[in-house]
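Please read it beside the sequence and the coordinates.

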Amino acid sequence: MADSSGIIRQTAAETAAQIAAGDVSAVEVAEAHLARIDAVDEKVHAFLHVDREGALARARAVDAKRERGEKLGPLAGVPLALKDIFTTEGVPTTAGSKMLQGWVPPYDATVTRRLKEADVVILGKTNMDEFAMGSSTENSAYGHTGNPWDLTRIPGGSGGGSSAAITAHMAALAIGTDTGGSIRQPASVTGTVGVKPTYGGVSRYGMIAFSSSLDQGGPCARTVLDAALLHEVLAGHDPMDSTSIDAPVPPVVEAARNGSVAGMRVGVVKEFRGEGYQTGVMQRFDEAVELLRELGAEVVEVSCPSFDKALAAYYLIAPAEVSSNLARYDGLRYGLRTGDDGTHSAEEVTSLTRAAGFGPEVKRRIMLGTYALSSGYYDAYYGSAQKVRTLITRDFERAYEQVDVLVSPTTPTTAFPIGERVDDPMAMYLADLCTIPSNLAGNAAMSLPCGLAPEDGLPVGLQIIAPAMADDRLYRVGAAVEAAFTDRWGHPLLEEAPAL
Amino acid sequence: MPGITREEVAHLARLARLELSGEELDHFAGQLDAIIGAVARVADVAGEDVPPTSHPLPLTNVMRPDAVRPSLTAQQALSGAPAQEQQRFKVPQILGEE
């Protein structure tokens, strides 16, 4: 048997190749990761549910398939941590909420199904901000997750369980969802790679809805190539999602294998700088821009003046959709029911159930959305926000007339201490300042590590943004940057993370 | 734009079917006021001629063939029900007693 401490540190591409070649079994790989979860997850708390039996059964099936000489999927036997927002048949799914405590879905999300079809081994479900609303994973009803770089700091959010699981080598891959930055910001603060595909690129069927015009599932990984391999498994048209794009998946794996920025035009967004941006974050970002120049990119500054209003527009549009989407939690058909003692009407039971089942951030957003959509305020708030959304899309279109991709810091600061912003919603919302415009416009974006901030030794993320359905550009640029930085540092950034 | 009062929060909570305590009303009133104060800056940014965007994709009425397909069984569909009776969701009383 191969050394298990070696197995958990390999990339998904390496592990898949070894399993396919018979150098290691999928069961050995699953057991090594389950042992790692046993050893460190009490401290990290990345998982809400570990599906030990299911994972081992799937791993055994992969090994049997290989022994029979059947064709294996591209990520066969690779262990993955699935954000608890995707339905999994027979496996509890809570979306981080008390509202869904104990709920066992009767069906698989399309993402879940595609992972299974690709022979990926799903280890369990990861912690998240309740219904994906948050930037720190502190809004989970089941307790917070620690950042493996420093357990007193946030792992990002909403997908903090997924980012922490791969950072702490409990899984090789993870899945996140990104409505305003929930894949990219966790990747940024944990020194990992996260991609928000083009809106419509990955099916939302069975992905519990937060803000349907913004939500997008995507890959989390420790390398750009691993993210691309996972992206390819997830992406593609799905008739079960009417907003799924019916077009070929951009050639992301080919791009990740051929990283290059020579001759590419890269735009630095002028507006993503200034007050609120940590000095060390900007220092590492500026170095990354310099690196892009050295690698042969033509770097120009671009202005996107409406980005300044993106956060405000987002905090009207997303809550408006929340107030509508979360109306389904009425205590009648599934999930929690409170107060049904024969003395309360259905309406009262619904109000009591929602009071007991939702946490403070979800309640805030439901009321904010109800306000933004209410008669008399609709035009001033929701209507104006939708127009700002148009202006932001136009800013991107103008920028892409000059450049192939845009770059920025992923988030203005490194991981902040747990508890620092939990009762200051506006401070929390600022974490998504640079990621939100891509959700509003529906284009593709990646975060990948560009070093540690000198003042606190914590990871800094570089964000790359590409036009809709040009996701391959993210991987082409990301792979080039990753290779050059790894060369410069002498090793991948994650090797500098302290032992747990 | 007007600030948001405790009474307004209570009204919103009623509309949203959220039973809030007096303490929660006070807490949320301050926070919602601060958030709305910050997001109000979207007003009057765009001119009359700017169309609203509700969605990133230009899609209308995606249809599928009207054909019978496999679906959840009644038992599966009821598997998460807080209460059920005779293959139906059992819900609290909806109409008042006459």
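The model is predicted, so to speak of a local feature requires pLDDT of at least 70, and side-chain atom pairs count only at pLDDT 80 or more, while totals for chains, interfaces and linings use all residues. Residues are numbered from 1 along each chain as its sequence is written, and chains are lettered from A and ligands numbered from 1 in the order in which they are written.

Helices (H or I, at least four residues) and strands (E, at least two) are DSSP runs, numbered from the N terminus. Two strands pair if DSSP finds at least two bridges between them.

A residue is buried if 20 or more other C-beta atoms lie within 10 Å of its own, exposed if 12 or fewer, and partly exposed in between, with C-beta atoms placed from the backbone. In strand β4 (residues 173-177) of chain A, 5 of the 5 residues are buried, so the strand is largely enclosed by the rest of the structure. Both of its faces are covered: L173(A), I175(A) and T177(A) are buried on one side, A174(A) and G176(A) on the other.

**The sheet and the helices across it**

β4(A) belongs to an open sheet of 11 strands with mixed pairing, in the order β1-β3-β2-β4-β6-β5-β10-β11-β9-β7-β8 (chain A). β1 (47-50) and β8 (298-302) of chain A stand at the edges with a single partner strand each, so one side of each has no neighbour in the sheet. Direction ignored, neighbouring strands of this sheet are turned by 30 degrees against each other on average. The partner of β1(A) is strand β3 (residues 121-126) of chain A, joined to it by 3 bridges and running antiparallel. V50(A) stands opposite G124(A) in that pair.

Axes are lines fitted to C-alpha atoms, for helices over the stretch in contact (C-beta atoms, placed from the backbone, within 7 Å), and angles run from 0 to 180 degrees between N-to-C directions.

| Helix | Strands it lies across | Angle |
|---|---|---|
| α4(A), residues 52-67 | β1(A), β2(A), β3(A) | about 160 degrees to β3(A) |
| α17(A), residues 471-489 | β5(A), β9(A), β10(A), β11(A) | about 10 degrees to β10(A) |

**Helix α2(A) and local backbone features**

The buried residues of helix α2 (residues 12-21) of chain A are A12(A), A13(A), T15(A), A16(A) and I19(A). Seen down the axis of α2(A), they fall within an arc of 165 degrees, so they line one face of the helix; the arc is that of the directions from the helix axis to the C-beta atoms. G22(A) follows α2(A) and has a positive phi, near 85 degrees.

Most residues other than glycine have a negative phi, and most peptide bonds are trans. A132(A), in the loop between β3 and α6 of chain A, has phi near 70 degrees and is buried, with 29 other C-beta atoms within 10 Å. H169(A), in the loop between α6 and β4 of chain A, has phi near 60 degrees and is buried, with 22 other C-beta atoms within 10 Å. The peptide bond from G157(A) to S158(A) is cis, with omega near 10 degrees.

**The two chains and their contact**

Chain A has 17 helices and 11 strands. Its radius of gyration is 21 Å, close to the 23 Å that the globule rule gives for 500 residues, so chain A is as compact as a globular protein of that length. The radius is taken over C-alpha atoms, and the rule is 2.2 Å times the number of residues to the power 0.38. Buried residues make up 63% of chain A.

Chain B has 3 helices and 2 strands, in the order α-α-α-β-β from the N terminus. Its radius of gyration is 23 Å, whereas a compact globule of 98 residues would have one near 13 Å. In chain B, 20% of the residues count as buried.

The contact takes 55 residues from chain A and 45 residues from chain B. On the side of chain A, α14(A) gives the most, with 11 residues.

Methods. Contact = placed C-beta atoms within 7 Å.
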